[in-house]
Structure formats: C-alpha cells, structure tokens
Amino acid sequence: MLEKFRHRSLSRWSGFVSRHPWWVLLVAFGVAGLCIFYTLTTLTFKSNRNDLLSEDLPWNQNFIFWQDNFPGNADFVIAVDMWKDDRPDAETKTAAEEMVDELGPILAGGEWVKQVVWGYDPSKASPKAVRLLPWDQFEMQMRQVGESKLLLESKTPQHFIQGIVGQARRGGERASEMSEAEMVGGLNMVKGLVSGFAERMKMPADESLDLLQYVIPEEMAVKWEYLVTQNGRLMFIRITPKVSPGALTPFEKSIVSIRAEMDKMRVKYPQLDFGLTGIDVVETDETEAANLDSMKASIIAAVLIAILLVLSFHSFKSPLLMLLTLGVGIAWTFGFLTLTIGYLQLISVIFTVILLGLGIDFAIHITTRFELERHNYSDDEDGFAEAITSTLEKVGPGLVTGALTTAAALATTMFTDYKGVAEMGQIASAGIILCLIAMFAVYPALLRLVKSRHKHITPIDTRVVDFFKEHWVMPFVRRPVITLVLAIVIAVLAGVAISRMRFDYNLLELLPEGVPSVEWQERISRDGEQSIYFGVSIVEDLEEARKDAAAYLALPTVESVGGVGLLIPSQNARKVKEIDHVRESLEPVLSEVARGNVGNDAMANGDVNLVTQLTGLRTLLAAGMLGAPRELRGPLSELLGALNGFIANAGQLTEEERTARLAALQRDYTAWRIESAKLLQDLLDTTPLDVGDLPPAIMEPYVAHVDGVTKYALEVFPKVGEMEAAQGGPLSEAVLKPFIYQMRTVDPEVTGVIVQIYESGKLIWSSYLRAGAYALVIVFLLLWIDFKMMKDTLLCLLPVLVGFALTFGILYLVGVQINPANIIVLPLMFGIGVDAGVHIIHRYKQDKYTRPLGLSGGTGKGVSLTSYTTMIGFGSLMVSSHRGMQGLGFVMMLGIGMTLMACWIMMPTCLELRTRRREKRDEIKREHGNRYGESDEV
C-alpha cells in the first residue's frame, strides 16, 4: 500500500508541475529571494572555537569562567625577533627596543585597543622582587648588596672615601672574583658619587641634592624592563583588544588597525622581523581563511560539476538547469539556518560544499532516467507529463530513500555534545531534504519550459563521451567467488591497519598555511622556546597559589609557571638562604642607620680631609692607569676627571662657603645612607611576594574579583623537548595527554586553551563515533523499511563498509592519522555511500536480468556521476590553505571513490551470485516439474 501511495503521489505531483510550471517557479524563486535577503541582513559568523562547544560541559564551564573574569585571556602578542641569522645581535636588539618604544604608545592610543604592555618601569616594582632574577643576576646583586656595608658603616663622606681608598690600596682582593662588568660598574658608581660631591660644591648650602641619582648613573639605570622570552630572543608587546561590534569576527577591527600600524613600522625598521599572533588572532585568520577557502571551493566545485555534466549529457541546458535548481535549494537552506541557528562557524561553513556534491545527485538520477523515458512518449505537454511521471516513479523512491538515509545519517550528529558538529549536521540534513524538494519541484518545471521536446535530448547510445561503461565491471561479475574472496582479504588487511591508527589532537597541523599569525605562533614555540598554549589553575589565595605552583614545578611535564606564579621565584629556598646570609652580616649597622641613628660626626677639617682623600685616590688611580686592563682604562679616566672636577670646585670656594657646602654634603650624604638602608631592608625582606610587589600592568590579567572574592590565575606551561617539538610541539599527543593528566593531579579543574583542545578533541572523537553508530542503526532501519528484506538492506550497507575499510587502510599506508577535521567522514560516508546502493537495489528490483545487475538502465551512469560530483564537491576543498579543510577534502574524495568502486564491483557481484542461485533453483524446479509430468504420462 505504501508503494502504491508513493507512486500515486509522485504521479499527481508530476502532472501538477507539468501543467503549472510558472506557478511552481514563482513560488520557489520568491521564497529563495526572501531567504537570500534574510540571510544577508541577519546571518553572522562565530570564529571562537569555544562557541562550538556546549556550555553545559563541566570543563567548558571552567574555561568560560576564566574567559569571563580574567581580562588577559584574549590578549594579542606582537613578537619581535632580536636575533640576526639565529644569533644575538646588539644592533638588532637596539632597533627592536626603539621600534617597540615607538609602536607601544601608538597602539595604546588606538580606537580598538584597551591596553598595551611592552614592559614596565623597574622602579615601580618592590625591591624584594630581586628574587625573581635568574640565579646569576641575583647572585651578583647580592654581592653588591654585601658591599654596601662600607656605606652603612661610614658616617661621613670622608670615611666612605677612606674605605674605598683602602680597598684600592689593598690591590683589589676580589679582583680575580669580579667580572669585567662588575669592576666597570664599581668604577662608574664611585665616579658618579664623586660627580655628586662636585655638584654639591656648586650648589648653595640651603638646597638639597639626591646623591642616589649620581651613584647610579643615567646610562647604568634600568629605566625599562622589556617583555622578552627566557632565552632572550623574542621581545613582546601584549595587547588587550576591544570587541568589534557588527564585524564578522569579534576582534576584526582591532587586528586590522594593529596591522596597519605594524606596516608603517616595517617601512621605518626594515631590518626587523616581527608579527602579530595570539590565539584569537589565529582564530580570526583561520575564520577568514575558512570563509575564503569555502567560497573558492564552492566556485571551483560548481564549475567542475558543470563541466562534468555538460560532457556527460552532451548539453548545456540540462546542467545549467540542474545547478540553477541546486542554487534554489541552497538558498532555502541558508534561510533555514539563519532562522533556526542564526550564524555559521568553522565546521558548518562547509555545508555549501556538501550540498553541491550531494544535492546535484538528485538531478543527475532524474535526468539520466528522463532521457531514457522521454523518447517513449508524445512530443507535447501530455507526453512530457507522462515521461516525467514515469521518471519519478522509477527513480523517485530511490531518491527519497537515499535522501532520507543521508539526511538521517547527518542528523545523528545533532544528538552529540559537540555543538559545532550538531549544528553542521542540522544544517546539512535539512539542506539535503530541501534540495530534494527543489529537484522534485523546480527542476521538472524548468525542464517543462526549456526541454519539453524530443529534439532537446541526445540519445544516450549516440554519445561519444560517457563516464560509465558496463564492460568496466563485467570481468569482476563473471568471477563472483574470486572477486568476493579478494575483497574480503583486502578488507581484513585494511581492518588490521585501522586498528593501529590513532587520533591526532594537534590543531596546529590543521591551521591554514601561509598565514603570518600561525607562523609566528610556531616561531614563539620554536625560537622563543615558549608555548602560547598553557593550562590555567584558578585559586582563591596566594598561599594556595604558592603551594600549587610548587606542586606543578615538581611535575616532569611542566616547564614553568606564570600568571601569579610570577610571584613564586625559581630556586626560592636557595635565594632566601643567601638573603639571610647577607642580612646577617649587615643587620647591626643596617638597623641602626634605618632607625636614623647616624651619629653627629662633625666634619672638623672635613674639607681638607676629604680633598686629601680624593687627591690620594686620584694619585693612586693615576699610577695604576698604565697597568690596568684596556677595558677599564675608559672608566678609570672618567673617574679621574670627576676627581679633578671636585678638587677644582672645592678650591674655588671661600672657606666659609666651603664649610657650609660640606655641611650640606654631610646632610645629603646622611639622607642617602638612610634611604639606602631602608631600600636594603626592603630588598632583604624574605616574606612571600604579593601582587603589589610587581607593577599593576603585569599582574592585572591574573587577578579577578568575583562576587567580592579575589581569585588568582596560575599559568602552567608544558615542557617541550626536541623530540616532542619534532612530533608537533605542545599540542602533540606526546606532550598533551601526560601534561594534562599530571596537571589534574594538582588541580582537577585546571582549564585553559590547551585543556579545551584536548577535551574538545576527545569530544569530537566520541561524538563522531556515536554519530557513526547512530547513523548505521538509523540507515539500517530506513533501508529495511524501504526494502522489507534483510538481504537487500545488508547488501546496501556492504559497499559503505568496504569503502570505509579501504579508505582508512589507505590513510594508514600514506601516514594520515584521524584528526578533528577528517573524522567528519564517519556519518557523511554512511549517508552518502548508502545512497548509491539504494539506487542499485531499486534498479535490480525493476530489472533482474540485464547485466551488470543493478547498474543497467542508466543507473550505473547515475550512480557514477553522483559519486563524481560528490568527489568533486569535497575534492575542491583540497585547494584550501586551511590544512584541516584540505585533509577533509582528500579523505572524503578517497572515501567516496572507494565506496563507488565497491558499488561497481561488490554489489553486482553479490547480485550475480543471488541471481545464479535463483536461476539454478528455477532450473531445478523445472527439471523436477518435467520429470513429474513424464512419469504422470507414463
């Protein structure tokens, strides 16, 4: 009854379309126009990978909390290479500093930028932050602090100079222990101090002078600490962008404005190599590349499909009508997705390519059959109606079943937790049905108006070019047993290969080629030895942060800890021990000076004594100039010049002026001692570092205030050795899985982009496996409902299963692993591959005698052409710069090709065996019948 109802419905619909083609087209194109207008004015795009995930997932909720509350998670990074030819280069470093100092303020004043950080003023940091220095620098700093004992013990300038002269006369007991930089620094410090004394002699006694600015000369003062990698190769500018309302991607305008300023800097600093990157920059560039690639692939697919159809059907009209009808179906699909979802994302953007490959299949089957039927009917409106009715009656059931199975297979992804996959399945499955409706309505109406007569159709048997010939498969069909045995052996070998394949989580290998942000992301990891992917642990107090940081650093997979982990110094216990040792030696005099107990030593004859001491120092240094190393002669000469300046300035004063100014010098010297003592006390403080010990611009991204509670973010960076770097870096399986597993031993709720990549990869894998299983079950049920026979149902699934095995076996042989991009083949191949089997079984039911069975009457050509168009649709993705789309295109083209081969060989072979058995049974029955008749006659 269902079959009769279906045939009656198709007959009535064919008659209606034949009699009222203009009404059908008016409604169809009108709705398509409305859909296009609605899409252009409403549809948006989501580039953030996190938009592809369900917000109900616990690990995604942790990530969303971090994104919503910690402002630095979306920061961009401008990386500047300070090396030349893979070696440190002073000129390049200087140019990089100049460029960064110029570019930073320009970007900070930009309309689409919230904040720019390219370093900090060390004077804004707490003195005890000295513990954050690398050990060699920290050790040198502690030696200098230890030498400050002379200053603390010297209550007057002459006592201080006397101590310096004494050290010099002893020949520099530590000279062999001191580096050249330390000796030069010491000479410059004394020169600065003497220059300050000389300046004091020029100033009125009632004015004050800060001697500290002379002790640390301007050329030695660290005015700015740049953001650089630990190996010193790359310098960074960190940019917090503003969201771009109304743009295709959230930070589009910010990225465009930043790159415009960077282009200006490239003209001014052509010797520098620098680029913009960051996770959101990469995702924005990936979105643009995916959109461009999808558009390019769609155009290429449409052109190649049109050429294929023109060559196949020896006509321009039919292919153009097919593509026009397909365009209507795609327009309806755009309207559907805009109404139901409202946006596209990185996965669903390829739905047009899917529909180009699959939607055209319906028109191919209709056209192939219609060309055979049209010559059997009169050359008028009634004849056309009868021809299209006969066509739809013969291919319509197969088209409906094929469309339903394909749509159902795609729709199974809607039941997964991966929202991006579910949305793609929802759009593509609806698009398949809408394209089928268009092919049943718009295409016959267009044929009625454009190709209604015989003369518009070239008979198939007169065509020179054909894309399927029966004799291609007959050698396999004639030897069905051998063919099936070989197929089983190959499938088993492929199954063994599949069992050895693994899932590759590394998204870096899927990103677009030739995109600067992607290249700089890789360079930061390779050249800067620093990953932009890290785990994030959110804690509620700094004590917990210190405890967790220590636990993380003890893990073999962890390289370093950032965020508020910046407040946890490396080798902290060793540094605290060294600080305690230095403080113990300075404590008595340090406390006394810091409390203001500096004594009331009068400078009786201080001017004479001071001048005498400085004169003696000058004599000593002048005598040692000739024997001094060449590197020290310049600083010694400058110190002698400062001594000459002081002596000359003091000699020009009257005794009264000199006495008053020396008293003022004593006052300024005392203030310097007290200030230095307080600074040293702060520097020797061993209490744990707090957020306030570093500049706000450095720490703000890692501190959040949520519902009155302060929370802190630790950043945990993976350790990537040379072997792991060669295998794909921080996102390779060798790094990713053990790193996340070990982090969770410290904090089970650890988050971050690297965790999202791992968890979303697992989710994609499980989602597609589940969708593939659902697809298999649903397709099986739909086929069983259609055929009512188990053997037909199983035979329909056979080419898909064989195609799967061959596809993944070949992928294993060529070294391609399963990844988040190409795993989409699971539900797609179930739906697409089974479609050919449906038509072959339907054809076999109509004609059980013409060889090759199931491929006669234009079905072989139709199945082949539909597979070719699908292969073209997905194969066009191989021209993409996006490596994920490239891989998907290759795998799908290979999969459909293998499934087509299985349809060509396996199905007619199995049908041949079935037919031979039936014919043998019939022959046996006839023989038994004849014998029974003969014996009866006797």
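Modeller: Let me begin with a cut-off: a residue is called buried when its relative accessible area is under 20%, and exposed when that area is over 50%. Please also keep in mind that this is a predicted model.

Colleague: Why is Leu 209 called buried?

Modeller: Leu 209 has a relative accessibility of 11%, and buried means under 20%, so Leu 209 counts as buried. This residue is found in the loop between helix H8 (180-202) and helix H9 (212-215), where, not counting residues up to four places away in sequence, Leu 209 touches Gly 196, Glu 199, Arg 200, Met 203, Tyr 214 and Asp 668.

Colleague: What makes Thr 915 and Asn 60 count as buried?

Modeller: Thr 915, which lies in helix H31 (residues 883-937), has 0% relative accessibility and therefore counts as buried. Leaving aside neighbours within four places in sequence, Thr 915 is in contact with Tyr 844, Lys 848, Arg 851 and Leu 853. Asn 60, in helix H3 (residues 58-69), is likewise buried, because its relative accessible area is 0%. Its contacts, again not counting residues up to four places away, are with Asn 50, Leu 53, Ser 54, Glu 55 and Gln 756.

Colleague: Why is helix H30 described as largely enclosed by the rest of the structure?

Modeller: The count settles that point, because 17 of the 17 residues of H30 are buried.

Colleague: And how do you know that the span of H30 agrees with what its residues should give?

Modeller: Helix H30 (residues 859-875) has 17 residues, which at 1.5 Å a residue should span 24 Å, and its end C-alpha atoms are 23 Å apart, so the two values agree.

Colleague: How does the radius of gyration of the protein stand against that of a compact globule?

Modeller: A compact globule of 938 residues would have a radius of gyration near 30 Å, but the protein has 41 Å. Taken along the principal axes, the C-alpha atoms fill a box of roughly 160 × 60 × 55 Å, and the C-alpha atoms of Leu 209 and Ile 896, which are 687 residues apart along the chain, are separated by 85 Å. Even so, buried residues make up 54% of the 938 residues, and, among contacts with a separation of 6 or more, 81% are between residues 24 or more positions apart.

Colleague: What confidence does the predictor give, and where is pLDDT under 50?

Modeller: The protein averages a pLDDT of 82, and 90% of the residues score at least 70. Over residues 217-221, however, pLDDT stays under 50, and for that stretch the model has six contacts beyond four places in sequence. The pLDDT is also below 50 over residues 934-938, a stretch with zero contacts in the model beyond near neighbours in sequence.

Terms used
Residues are numbered from 1 along each chain as its sequence is written. This is a predicted model: local features need pLDDT of at least 70, side-chain atom pairs count only at pLDDT 80 or more; totals for chains, interfaces and linings use all residues. Side-chain values use heavy atoms; hydrogens and water are left out. Helices (H or I, at least four residues) and strands (E, at least two) are DSSP runs, numbered from the N terminus. The expected span of a helix is 1.5 Å times one less than its number of residues. Buried means under 20% relative accessible area, exposed over 50%, partly exposed in between (1.4 Å probe, protein chains only). The radius of gyration is taken over C-alpha atoms; the globule rule is 2.2 Å times the number of residues to the power 0.38. Contact means heavy atoms within 4.5 Å. pLDDT is the predictor's confidence in each residue, from 0 to 100.
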